[in-house]
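Here are my notes on this one, written as numbered points. Have the structure open beside you while you read.

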Amino acid sequence: MARPEYIELHARSAFSFHRGASGPEDLTRRAAELDLPAIAVTDRDGVYGSPRVHARAKEAGIRGIVGSELTMESGEVLPVLVRTREGYQNLCRLLTRAKLRAAKNESRIAWNELPTFTKGLICLTGDEEGGLHRCLARGDKHGAESFVSRLVDTFGRANVSVEIQRHHLRGEERILRCALDLAEHLRLPFVATNGVQYATPERRRLLDVFTCLRNHVHLDNAGPLLAQNDERHLKSSEEMKLLFRDHPKAVTNSLRLAERCEFTLTDLGYEFPEFPVESGDSMPSKLRRETIAGAKSRYNGRIPSKVANQVEKELVIIERLGFAGYFLIVHDMIRFCADNDILVQGRGSAANSAVCFCLGITAVDPVQHELLFERFLSEGQGKWPDIDLDLPSGDRRESVIQEVYRRFAPNGAGMTANVITYRGRSAMRETGKALNLPLDVLGRFSNLFPHGDYPETREFIEQVSQAGLPREHPRMNALAGLYRMIYGLPRHLGQHSGGMVICTRGLDTIVPLEPAAMPGRTVVQWDKDDCEDLGIIKIDFLGLGMMAAIQDCRNICMARGPGREFDLARIPKDDPATYKLMQQADTVGVFQIESRAQMATLPRMQPKDFYDVAIEVAIIRPGPIAGNLTHPYLDRRNGLKPVTYMHPSLEPILKRTLGIPLFQEQMLQIAMIMADFTGNEASELRRAISFNRSEERMRKVVDRLKEKMTAKGITASLQEEIINSVSSFALYGFPESHAISFGLLAYCSTWLKAHRAVEFYTSLLNNQPMGFYSCDSLIKDAKRHGIRTRPVDVMISDWHSTVESDSALRLGLHIVNELSHSAAERVLTARADKPFTSLEDFLIRTRLNKDERRVLAEIGALNALAGDRRNALWQVEKQPDPDDLFFGMENSGSTLLQPMSPTERLEADYRGQNLSTG
């Protein structure tokens with residue numbers, strides 16, 4: 001086969017957000033199919049798709065060249081290619097600077113700042129959005145020469161190439177000839193590109209849809225905004241040579257230019273920060289001391305030999321892989337939380353580590369629960385470990401995140417991105433809008449199929465027809481085709497719920513940073529999987545409403561004095577009253593086991609120990625249910641069916657779950673035993689069955705599993721059973737370490753409901769919304785447990801709900817609709833100054849608006865000052881004026897008003913606070 005003579009150096013992927021119609025994976029795959037030795041993806045104002053190009057290019061045996069299109073302040077779009085690692089760092093810094101000073105999703109680069117960041121970069125003159133093309137299109141040759149000369153002065157003559165393209169458009173030949181004449185005049189090389197916007201011609205239709213979305217029009221009115229043909233797809237060397245047969249050097253120059261781009265993301269240079277230690281000390285030594293000290297504390301001064309052996313094994317691996325600093329930094333954040341009275345619990349695969357348990361990072365003893373350390377960290381895996389920290393949602397969690405930003409400022413930390421993709425409803429809505437379909441049809445589709453997920457074409461057409469669009473509609477087939485094209489492509493960049501990456505030498509040299517929607521935060525341009533693929537470590541700081549409720553419950557108990565305090569770490573795990581609530585499915589308000597499906601299972605499960613709780617957490621999930629594992633497990637547990645194993649060698653790992661694989665760790669062990677998977681292959685299996693799985697990754701790992709099981713002589717029937725189990729776990733299978741961590745919170749919250757009920761219900765009310773249940777449902781459940789809920793009273797209530805006795809709580813002002821926090825603060829401040837003496841006194845000193853006065857009157861919060869709700873409603877209609885001649889005189893007419901009936905009071909309660917204490 002002849003050596004390819006062309007490389008595409010200017011391609012946009014769907015990560016250019018409505019300017020490219022193929023994912024970076026598809027572009028790379030198509031480049032490999034066309035025998036192109038490399039491809040440069042230059043996404044608009046970022047390197048969003050570069051990690052995926054890099055990963056797929058390695059798999060395909062080609063090279064991914066990093067680049068970007070820069071939007072200049074004057075409106076030109078400037079494509080640049082990364083030549084060296086320094087060039088990449090300069091590009092990231094430049095993009096970060098432009099992004100952080102602009103509004104979200106915008107970027108403008110000033111010409112006078114460009115020279116600082118050009119070293120190591122190669123510049124192309126661009127396509128129709130470039131300055132050269134714009135000048136030549138309007139016949140301004142002097143402006144064109146001035147523009148290119150400016151690029152030469154900025155980047156250096158050796159790093160500027162005149163870009164030429166042919167798309168069979170009217171007038172482009174004149175522009176092409178002028179560009180070539182200018183290149184010759186300025187002694188610059190010229191290079192052919194195709195300005196690629198999609199992998200294959202048929203995806204031009206999707207680009208038209210994106211053009212409509214970007215310009216807020218539909219296809220019927222888009223007119224000249226749309227592409228004139230479908231030429232901007234990836235082309236082979238032969239096609240490009242034929243296209244530029246009169247200028248063959250333009251095609252071969254692409255090879256020479258690509259050869260100069262030596263940088264790949266393999267040379268990223270990411271380093272996790274080192275933990276500061278004293279002179280003469282080392283991070284591994286400090287980690288060992290901290291771990292041993294923590295182990296002694298955990299085990300009351302005497303470390304069991306089994307624990308000591310496991311800790312030693314883990315410390316050796318951690319030191320060998322150079323991860324000691326990582327554990328010390330996380331341990332230090334745990335200390336920060338303790339010093340600032342912030343409840344924190346590690347979960348995720350960190351619960352598999354004895355070192356994490358001894359350092360206080362997790363509350364789960366992996367030795368006791370026989371958890372698989374390799375699920376967390378292994379030498380063959382070659383990837384950073386993953387530690388998730390659960391924190392109370394709200395301000396306390398944000399203070400931890402801001403502490404990370406402070407420690408690694410400036411630009412040393414950022415939240416990982418969350419790539420929001422087109423799914424069922426959004427894919428239908430956007431394609432439907434572009435096709436000018438009736439909005440009521442799009443709305444009905446969303447209502448009828450809220451969780452529609454990539455149905456087959458026939459099924460999709462049936463769904464759309466149910467939403468009101470006839471099957472014979474002339475745009476039905478176009479809609480179905482576009483829906484399938486757009487599905488799964490990036491829609492916009494969001495923010496991960498809590499994942500943060502940190503870096504030694506400035507994160508802005510590793511990946512560009514962008515402003516988050518929330519003030520005080522920055523986001524990196526890659527999601528967590530992209531970061532993991534490139535060896536960038538992420539620490540998750542996740543907010544849990546139940547963590548906030550438990551901490552508030554603890555604080556309330558401490559404030560109430562001796563006898564009510566509790567230590568979360570020392571709550572007994574064998575409390576009969578706690579298990580009784582679970583066995584009776586009396587779990588309204590507790591963590592994880594509060595859903596109707598859980599409540600239906602708990603009486604069958606009859607949890608009797610802590611591991612039963614962990615199984616209960618894991619078993620009612622789509623994975624076990626779809627894999628037909630839930631009912632077989634319960635039948636075996638209740639003696640209705642015998643315990644069997646897929647293979648005798650699997651009994652040790654499946655014995656605790658009665659032969660049923662319920663956890664991800666078990667799936668990894670099954671692969672290791674039945675297919676001799678290495679730690680690396682097991683890691684790939686874990687990622688394939690994770691939430692953000694890809695069909696391609698899943699197919700590859702399943703094929704590998706089959707291949708190795710066949711080589712080992714595993715029967716076809718057993719292979720099928722194992723593959724079915726793996727496939728079911730691709731539908732949200734749950735790791736055992738997660739189940740145990742969540743099980744701990746489920747148990748503790750149930751214990752609080754059993755033994756600290758009034759404080760627990762108060763804390764739940766103060767941390768809504770959370771869980772399955774509204775405040776009204778929680779109040780009714782509290783009543784069933786002998787807890788009385790007293791109504792809002794401006795003379796007594798604080799902002800939050802409060803405990804009044806062992807059997808009564810008082811609702812806070814936060815419950816009241818239409819009452820802002822600032823208004824409530826005025827009420828509390830005025831009352832603290834001196835008690836209210838009358839309704840007039842209350843109204844004058846609080847200065848509430850009419851809506852706020854009315855709602856307080858309607859729900860009875862002013863009864864202590866007005867007698868009843870109707871009288872209060874009458875009096876609050878007018879704000880009292882102390883200068884009024886009749887100020888202070890009793891309004892005798894109000895006594896003639898009839899009090900509200902019970903039904904009226906009930907209706908008023910639900911209007912004003914969405915609940916009733918009656």
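1. The second largest cavity holds about 60 Å³ of space. By cavity I mean a set of points on a 1 Å grid over the protein atoms alone where a 1.4 Å probe fits but cannot get out; grid points are joined across faces, edges and corners, and a volume is the space filled by probe spheres set on the points. The structure has four cavities of 30 Å³ or more.

2. A word on the source: this is a predicted model, where local features need pLDDT of at least 70, side-chain atom pairs count only at pLDDT 80 or more, and totals for chains, interfaces and linings use all residues. Residues are numbered from 1 along each chain as its sequence is written, and side-chain values use heavy atoms, with hydrogens and water left out.

3. What lines that second largest cavity? By class, the lining has 11 nonpolar, no polar and no charged residues. Here Ala, Val, Leu, Ile, Met, Phe, Trp, Tyr, Cys and Pro count as nonpolar, Asp, Glu, Lys and Arg as charged, and the others, Gly among them, as polar. β11 (490-502) gives the most, with three residues, while α13 and β14 (538-544) each supply at least two. Helices (H or I, at least four residues) and strands (E, at least two) are DSSP runs, numbered from the N terminus.

4. Phe-272 turns up again in an aromatic pair with Tyr-326, edge-to-face at 5.3 Å centre to centre and 75 degrees between the planes. Rings of Phe, Tyr and Trp (its six-membered ring) pair if their centres lie within 6.5 Å; planes under 30 degrees apart count as stacked, over 60 as edge-to-face and the rest as tilted. Phe-272 sits in the loop between α10 (248-260) and α11 and Tyr-326 in helix α13, so the pair ties together parts 54 residues apart in sequence. Phe-272 and Tyr-326 are buried, where buried means under 20% relative accessible area, exposed over 50% and partly exposed in between (1.4 Å probe, protein chains only).

5. The structure holds 17 aromatic pairs. Take Phe-17 and Tyr-48, which are edge-to-face, 5.4 Å centre to centre with 75 degrees between the planes. Phe-17 is in the loop between β1 and α1, and Tyr-48 is 31 residues away in the loop between β2 (38-44) and α2 (50-60). Tyr-48 counts as buried, at 3% relative accessibility. Elsewhere, Phe-445, Phe-449, Phe-460, Tyr-483 and Tyr-487 form one aromatic cluster.

6. Now the second largest pocket, with about 1,200 Å³ of space. A pocket is an open set of grid points with protein on both sides within 12 Å along at least five of seven lines. It is lined by 36 residues, and Arg-298, Thr-362, Ala-363, Asp-567 and Ala-569 lie nearest its centre. α13 provides the largest share of this pocket's lining, four residues. By class, that lining has 19 nonpolar, nine polar and eight charged residues.

7. Arg-298 also lies over the face of Phe-357, 4.2 Å from the ring centre. The cut-off: a charge sits over a ring if NZ of Lys or CZ of Arg is within 6 Å of the ring centre and within 35 degrees of the ring normal.

8. How many salt bridges are there? A search of the whole structure finds 61, each being a side-chain nitrogen of Lys or Arg within 4 Å of a carboxyl oxygen of Asp or Glu. One joins Arg-12 to Asp-127 at 3.7 Å, N to O, linking distant parts of the chain 115 residues apart. Arg-12 and Asp-127 are buried. They belong to a salt-bridge network that also includes Arg-44, Glu-69 and Arg-232.

9. Two further salt bridges are worth a look. Glu-86 meets Lys-119 with the closest N and O atoms 4.0 Å apart; Glu-86 is partly exposed at 37% relative accessible area, and Lys-119 is exposed at 54%. Glu-430 pairs with Lys-433 at 3.6 Å between the closest N and O atoms. Those two are separated by about one helical turn because they are three residues apart in helix α17 (424-434). Glu-430 is buried at 8% relative accessible area, whereas Lys-433 is partly exposed at 37%.
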